[in-house]
Amino acid sequence: MARIMAHLLSRVVSHHRRRSTMQLKWQTVFFFLCLYGMDVVVCQARYSIPEEMPEGSFVGNIAKDLGIEISRLISGKARVVTKGGRQYVELSRDKGALVVKERIDREELCKQTTPCSFSFDLIIENPIQLHRITVEVQDINDNAPIFPKDMVKLQISESTAKGTRFPLDSAVDMDVDLNGIQSYALSPTDNFKLEINNQGWENNYVEMVLQHELDREERDELKLVLIAYDGGSPKKSSTVQIHIFVLDVNDNIPVCKPSIYKAEVKENSPVGTVLATVSALDADEGVNGEVSYSFAQASKEARNLFEINAETGEITTLNRLDFETEKSYQLNIKAMDKGGLADTCKVIIDVVDVNDNPPTIQLMSFSNTIAENSPVGTTVAVINVEDADSGQNGVVQCKINENIPFKIESSLTDYYALITDETLDRENIAEYNITVLVSDQGSPALHSDKTLTVKISDVNDNAPVFGSDQYRTFITENNSPGVAVVTVKARDADWGPNARVSYFLEDSDVIGNPVSSLVSINSDSGVIHAVRSFDYEQMKSLTFNVTARDGGSPPLSSEVIVTIIVQDQNDNAPQVLYPVQTGGSVVAEIVPPSADVGYLVTKVVAVDVDSGQNAWLSYRLQKATDRALFEVGPQNGEIRTVRQVTDKDAVKQKLTVVVEDNGQPSRSAVVNINVAVADSFPEVVSEFSDFTHSKEYNDNLTFYLVLALAAVSFLFITTVVVIISVKIYRWRQSRIFYQSSLPVIPYYPPGYADTGVTGTLPHMYNYDVCMTTNSRKSDCKYSTLGGQSVLVVDQSFSETLQRAMKEKEFLENAESPEMQKPPNNDWRLPPNQRPGPSGAGPRPEEAGAGAVGGTGPWPNPPTEAEQLQALMAAANEVSEATATLGPRYNAQYVPDYRQNVYIPGSTATLTANPQQQMPQQALPPPQALPPAEAPKAAPTPASKKKATKKDKK
């Protein structure tokens, strides 16, 4: 520590010694404190450098001054840290030196403060060392003195006393100390001297002292130069211009020069006309030299007619002058300055007679519109011209502007007529602006003018003119009727109705057709439309005339030729001319077995009625029996052999050639060619007998397939639509049926039909049961007397339709334990021999011939007819309920209870009226049945329905 302190003291002593011997050494270093803590070493260092050093300039060897190795700076990551502001100095680790990073301007950094310095920290890590570095910036003479103004203006009266002081603005120098302002100098010093009040250089101020009195008449301006010098080396200076104006004193009298003024004024001069300007000279300046003017002596009339400007001395008129009233005026003018000194001037004004009355123009008659076909000499206007002056001033001349088809003639004294001089044409000029110019003989002459606007009315003298001598356009064939083809346009130079053009077609025939059947024209717009579709093959062009007629009276017209060229479209397929396709005969080309390669078999000749590229044909082989044997020329259609014909080749060959055109889209034709490999045609004529049939089959196969597919699709769609319609209809009928509340009105027309069947019941009974829409709600039950399959109407038994449907279900179920069992063999016995209650017997009116009375299964009440009636009513109700609520079945599989009723114990079948349907065959008699099946029961409705379901499946 002692060694470091001694080192610091030696540095301080060295610094003061150098400063006393040399002013502003570029680098001065101070080390004045080092503190060692536990882990942190803190030292301070101070350097002194001049301002404005370039970047990279050396500031100090910090490593040497602090006793730090360069390796320690590198390993400790030594860096310069500036808290705020700009960083002017940076550390070079590899050299251990501080260098200037950015140019330092002392005036920017510290302004006028001295001394000027800035500080920053040098931080070294591992262990941490903090060094505070202070850099003092020494001033250099880099700024010259500056005055606040480049020029100072002073006004000093010529009567100012000697010794008067005039303070001046001091100069400002941004530098300090010796580099600041040190002295001032003034030149020239004839009238003034310079004094500086020394109150320290920062508070010095400069004054000018007047040494000699000023004389404005001798010298009215003085120009001095003030110079400020600083104390730098080399010295810098600044100057300011001092401009002194010497103020005047009123010591001169105004003098009129000349003393008499003469002026002439015309009598028609307007009010405010300047007649003369009186001027009096005063040698003084400023306020003392200002002269005011006024009337010293004048008549009352003169004061009413003239006035004088007190500042400028201008004499102007207040009212109009009249030569006949007064010819001359005399005025006395007094010129006086601000000090009361004055002089008198005389002004004589003479009034001059002039031509002050211009001629006047008045229209006595005027037609502002004339027709363009008016003859030459037509009068347009009658003009009266007058002049109030007399003598030569009252003599007038009248004329109009040139280059117009009009002229003016004098008819009477002071009267003029404006007439046409040429033929008018409204199409060239529709309106004329005619200026009538009148002048008198005065000097100078006075003029008057009047502009007349004459409009030219239109006459229908121009026929419509088409924009082209002829119209030529193109249209593609197969166009849509009504399409716009071309627009003709004619212009009429006339105006209004005379220029309204209408268009018409001239009646003519084109290839035997009236032109109106081919095209039409809009009479207003001139748009030509195609009336029908054109066919290039029938008509390649059409030419007709269009007339354009205006709306004038009489109308004028013109014609133009319109040509419409029909452009071809590929709308025709090629046509095969050879080989000719015949319907029944067999045509074949013969190729000998010895034909060489390139042998010409035949040539397909085709034409296309189209034109251009639409008629360019190309040929290609679409299919062949042997593609490797033949080829077709794509351009000429020649069919030639590709290779040598061999024995393995088929005797009959069929080629299909496609002929295509070059249109967009292209069209084609197909030709079939039969080729026979033989020496002569009779050898293979039998081989081609089936060609015609094969061709017809191939041609019609696609058509029949498409037709069959369409028919099947139509039938399928029709069936689906019908089924859906029926479903919807029946659903709606069932709702109407269910909601009806009509009363039950039964009607039982009996019908008898002898079926000719032999058996126990020789006659069959048919009962037609008519029921209302509420019959589904009828009460019914099954009778237990004759079997469970008999449905009897009972007024005392209430059962709903759901019960009837349930009974129907177990009748159809063969496995149900409630299914009716087969009747015993007693049903084969006559009724009078069957066991049962006595007293039952047939009724004479219901039994047929040979009926035997006796006991039977039916009780006496009700009778058999009543039972059958009830059975038919119940069967009909069940059938209707099934048709309405249940699934629909074909009559082939579902027995109709209204047609066939099977009665247990009987072989008879109750059938519907023979007029309604054909009678059904009854069951065979018992002796016709096989013996093995004798004990089996007869087929019941339930068993039949079961078989029917199996058949349906």
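## Strands and hairpins

Strands here are DSSP runs of E with at least two residues, numbered from the N terminus. Two of them pair if DSSP finds at least two bridges between them. The model is predicted.

One case is the hairpin that joins E42 to E43 through 6 residues. E42 and strand E43 (residues 557-567) are antiparallel, with 9 bridges between them. Within this pairing, threonine 547 has glutamate 559 in E43 as its bridge partner.

## The other partner of E42

Strand E42 covers residues 541-550 and also pairs with strand E37 (residues 501-505). That pairing is antiparallel too, over 5 bridges. Here serine 502 stands opposite arginine 549 of E42. E42 therefore has pairings with E37 and with E43, given that a pair needs at least two bridges.

Strand E7 spans residues 116-124 and pairs with E8 in the antiparallel sense. The pairing runs over 9 bridges. Serine 117 faces glutamate 136 of E8 across it. The hairpin has 4 residues between the strands. In this hairpin, asparagine 126 takes a positive phi, near 55 degrees.

Why is strand E8 described as largely enclosed by the rest of the structure? Strand E8 (residues 129-138) has 10 residues, and 8 of them are buried, so the strand is largely enclosed. Buried means a relative accessible area under 20%.

## A nonpolar patch on the surface

Which residues form a nonpolar patch on the surface? They are Phe716, Ile717, Val720, Val721, Ile724 and Ile728. Together they have about 560 Å² of accessible area.

Patch members need over 30%, and exposed starts over 50%.

## The chain as a whole

The chain has 953 residues, and 37% of them count as buried. Its secondary structure comes to 9 helices and 58 strands. The accessible surface is about 54,500 Å². Carbon and sulfur atoms hold 53% of that surface.

How much of the contact set links residues 24 or more positions apart? Among contacts in the chain with a separation of 6 or more, such residues account for 64%.

Note on methods. Residues numbered from 1 in each chain as written. Predicted model: local features only at pLDDT ≥ 70, side-chain atom pairs only at ≥ 80, totals over all residues. Heavy atoms only, no water. Buried < 20%, exposed > 50% of the residue type's maximum accessible area, 1.4 Å probe, protein only. Contact = heavy atoms within 4.5 Å. Areas by Shrake-Rupley, 256 points an atom, 1.4 Å probe, with all protein chains shown as cover. Patch = residues over 30% accessible without salt bridge, like charges linked within 9 Å, V, L, I, M, F, W, Y side chains within 5 Å. Salt bridge = Lys/Arg side-chain N within 4 Å of Asp/Glu carboxyl O.
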